[in-house]
Amino acid sequence: MFTGIVEEVGTVVVREEQSDSAVLRIRAQRVLEDVELGDSIAVNGVCLTVTAVDGDVWSTDVMAETLIRSSLGSAAEGAPVNLERAVTPHTRLGGHLMQGHVDGVGRILGRTPGEHWEVVRVALPQELARYVVEKGSIAVDGVSLTVSAVSAADVPEPWFEVSLIPTTLRETTLGARAPGETVNLEVDVIAKYVERLLGGRR
């Protein structure tokens with residue numbers, strides 16, 4: 001589990017393509033302070049397993065399912081990525097509970113700067129729109145954010161907006177995401193469980 005509080009921005013230094021997967025080697029510092037093989041680290045919101053550590057570079061295997069369903073499929077060498085270690089029993093839950101299981105890929109539609117923040121509008125897949133509510137939580141590239149506005153769920157291209165504070169703009173990759181770029185989305189898992197449970201009622 002994760003909370004969406006990004007600890008640092010790392011860099012993809014090697015991408016090794018395999019027949020049905022890829023190996024990413026990522027340079028980092030803070031998330032490697034107490035790392036052990038087999039630990040989980042969220043990379044742009046995707047839960048990945050540490051398979052090797054060499055100095056300040058760690059390796060992870062990314063299977064085909066993840067490459068297809070997340071923006072990691074296009075993560076090139078040199079790309080910055082948001083990193084967060086899995087929570088511990090002593091971790092403050094500063095964001096919201098996240099699984100690191102990406103539900104879909106969104107697209108930045110636009111950015112509106114304010115005096116001290118920016119409002120970012122993101123298009124999302126139609127099938128995810130019903131899980132996104134104003135003042136609810138959503139993870140964008142692994143960053144826990146509060147939804148500030150939503151479109152109607154049944155419009156041809158649904159969208160939501162989030163307001164990014166200076167810390168988020170400065171310390172995560174979202175500060176540099178331009179219109180047209182893709183981002184990983186994870187909706188609130190509680191909404192999905194409630195829908196599933198209510199679907200079984202007559």
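## A tour of salt bridges and surface spots

Start by selecting Met1, Leu93 and Leu97, which make a nonpolar surface patch of about 290 Å². Patches are built from residues with over 30% relative accessible area and no salt bridge, joining like charges within 9 Å and nonpolar side chains (Val, Leu, Ile, Met, Phe, Trp, Tyr) within 5 Å. Areas come from the Shrake-Rupley method with a 1.4 Å probe, and for residues only the protein chains shown count as cover.

A word on the model: it is predicted, with local features needing pLDDT of at least 70 and side-chain atom pairs counting only at pLDDT 80 or more, while totals for chains, interfaces and linings use all residues. Residues are numbered from 1 along each chain as its sequence is written, and side-chain values use heavy atoms, with hydrogens and water left out.

Stay with Leu97, in the loop between strand E7 (80-85) and strand E8 (104-113). Helices (H or I, at least four residues) and strands (E, at least two) are DSSP runs numbered from the N terminus. Leu97 is partly exposed at 44% relative accessible area; buried means under 20%, exposed over 50%, and partly exposed in between (1.4 Å probe, protein chains only).

Next, pick His101, found in the loop between E7 and E8 and partly exposed at 48%. Leaving aside residues up to four places away in sequence, His101 touches Gly45 and Glu186, where contact means heavy atoms within 4.5 Å.

Now for the salt bridges, each a side-chain nitrogen of Lys or Arg within 4 Å of a carboxyl oxygen of Asp or Glu. The count comes to 14. Show Asp34 and Arg85, whose side chains meet at 2.9 Å, N to O. Asp34 lies in the loop between E2 and strand E3 (40-43) and Arg85 in strand E7, so the pair ties together parts 51 residues apart in sequence. Is each partner buried or exposed? Asp34 is exposed at 52%, whereas Arg85 is buried at 18%.

Move to Arg69 and Glu65, a salt bridge with its closest N and O atoms 2.4 Å apart. Both residues lie in helix H1 (residues 64-69), four residues apart, about one turn of the helix.

Last, select Arg121, which lies over the face of Trp159 at 3.5 Å from the ring centre. A charge sits over a ring if NZ of Lys or CZ of Arg is within 6 Å of the ring centre and within 35 degrees of the ring normal.
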